[in-house]
Structure formats: C-alpha cells, structure tokens
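Have the chain open beside the text and follow along.

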Amino acid sequence: MDHYYPEGQTLLYETVDMVMSGFLDSQERIAPRMKRTLRVVLGVFYDGADNLSDAKTYPKNLVATAKRVRALGWELMTFGIGENGVELARKMGFPDDEAHALTVAATRHGVHHSMNSFSQTTTTRATRSSS
C-alpha cells in the first residue's frame, strides 16, 4: 500500500454491472431448492473515479441492475478507500446506510479495515442464513 498509486484507468460502473448480470444469469441455472438458501453478498472496493465507463449509459444501467438484484435479496456493499463510499453507493443504486457503505483511509490500515468489515459481514450473514 505504501507504493500503490491509482492510475486513472477505472471501468467501475460497467465492470460491476457485468459482474452482477453474470451472477444473475448463473443464478437462473441453479436448482430451485438451492436458490432458497443462496445468499449473494457483493462488495465493491473503490479508490477513485470511474473514468472509462460509457457516460451515456452508466451509471444508469448499473442502478437498474442493482434494483433487480436487491429485489432478489442480494446484499450490496460499497467500500470507498480514500473516497466517499456513501456517495458511490448512491451513484450505483446500492444501499447507503452505515452497514453497507463505508469510507476508509487510503492506508494499509484502512484497506485492512474494509476487508475485515466485508469478511465479518459475509460470515455473519452466512451463519445466520444457515441456522
């Protein structure tokens, strides 16, 4: 982290939309009995502006996809590393409450904190859903 510098080549909105759309397609092929216990938690870790997504269609397309997956019960989380996680969550159509959108310092400790938070959230959700 001491020698990490973002280089401004971020295709954030389109990438997140493609990942969620791919998971949606995969979910349609899962057996109905498995769907009842399936839990999807997606975390987006962000360190700067999206400067490559098509501005004509994004983040509008991503917001529409986020609305679809949230209706299916997916949990969407945003982690801003040195950036405002709440603001990004709003732009993407993700929940912007403190349990789902977090801003951390762009330091080794901040990144570690965001990873820990995501790991604890997914572990807690998995434990609760399997009981």
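Let's start at helix α4, whose buried residues are covered by, among others, α1, β1, α3, β2 and β3 (101-104). Helices here are DSSP runs of H or I at least four residues long, strands are runs of E of at least two, and both are numbered from the N terminus. The buried residues of α4 are G85, L88, A89 and M92. They span an arc of only 105° around the axis, so they sit on the same side of α4. That arc is taken from the directions running from the helix axis to the C-beta atoms. "Buried" stands for under 20% relative accessible area, "exposed" for over 50%, and "partly exposed" for what lies in between, with a 1.4 Å probe and protein chains only.

A word on where this comes from: the model is predicted, so local features need pLDDT of at least 70 and side-chain atom pairs count only at pLDDT 80 or more, while totals for chains, interfaces and linings use all residues. Residues are numbered from 1 along each chain as its sequence is written, and side-chain values use heavy atoms, with hydrogens and water left out.

**The overall layout**

The protein has 5 helices and 3 strands, and they follow one another as α-α-β-α-β-α-β-α. Of its 131 residues, 33% count as buried. Take the contacts (heavy atoms within 4.5 Å) between residues at least 6 apart in sequence: 71% of them join residues at least 24 apart.

| Helix | Residues | First to last C-alpha | Expected span |
|---|---|---|---|
| α1 | 17 residues | 25 Å | 24 Å |
| α3 | 12 residues | 17 Å | 16 Å |

How do these two meet? α1 and α3 pack at an angle of about 35°, with their axes 9 Å apart. The axes are lines fitted to C-alpha atoms, for helices over the stretch in contact, and angles run from 0 to 180 degrees between N-to-C directions. On the α1 side, the contact is made by Y13, V16, D17, M20, S21 and L24, and on the α3 side by N61, L62, T65, A66, R68 and V69.

In α3, the buried residues are L62, T65, A66 and V69. Seen down the helix axis, they fall within an arc of 105°, so they line one face of α3. K60, K67 and A71 are exposed on the face turned away from that buried side. Cover for the buried residues of α3 comes from elements including α1, β2 (75-81) and α4. Just past the end of α3, G73 takes a positive phi of about 95°.

α1 buries L12, Y13, E14, V16, D17, M20, L24 and Q27. These residues pack against α2 (32-35), β1, α3, β2 and α4.

**The cores**

Which residues have the most contacts inside the largest nonpolar core? They are V16, M20, L76 and F94, in a core of 20 residues. A nonpolar core is a set of buried Ala, Val, Leu, Ile, Met, Phe, Trp, Tyr and Cys residues joined through side-chain atoms within 4.5 Å. Two or more residues come from each of α1 (12-28), β1 (41-46), α3 (60-71) and α4 (85-92), and α1 gives the most, with 5 residues. Leaving out residues up to four places away in sequence, M20 touches L42, L62, T65, A66, V69, W74, L76 and F94. There's also a second, separate core of 6 residues, which includes M77, L102, V104 and F118.

F118 lies in helix α5 (residues 108-130). Beyond its neighbours within four places in sequence, F118 is in contact with V41, L42, G43, F45, M77 and F79.

**Two more spots to check**

I81 is in strand β2 and, at 13% relative accessibility, counts as buried. Its C-alpha is 5.7 Å from that of A105, 24 residues away along the chain. Setting aside neighbours within four places, I81 contacts F45, Y46, D47, V104, A105, A106, V111 and S114.

Finally, look at the loop between β1 and α3, where P59 is placed. The peptide bond from Y58 to P59 is cis, with omega near 10°. For context, most peptide bonds are trans.

Definitions and conventions: The expected span of a helix is 1.5 Å times one less than its number of residues.
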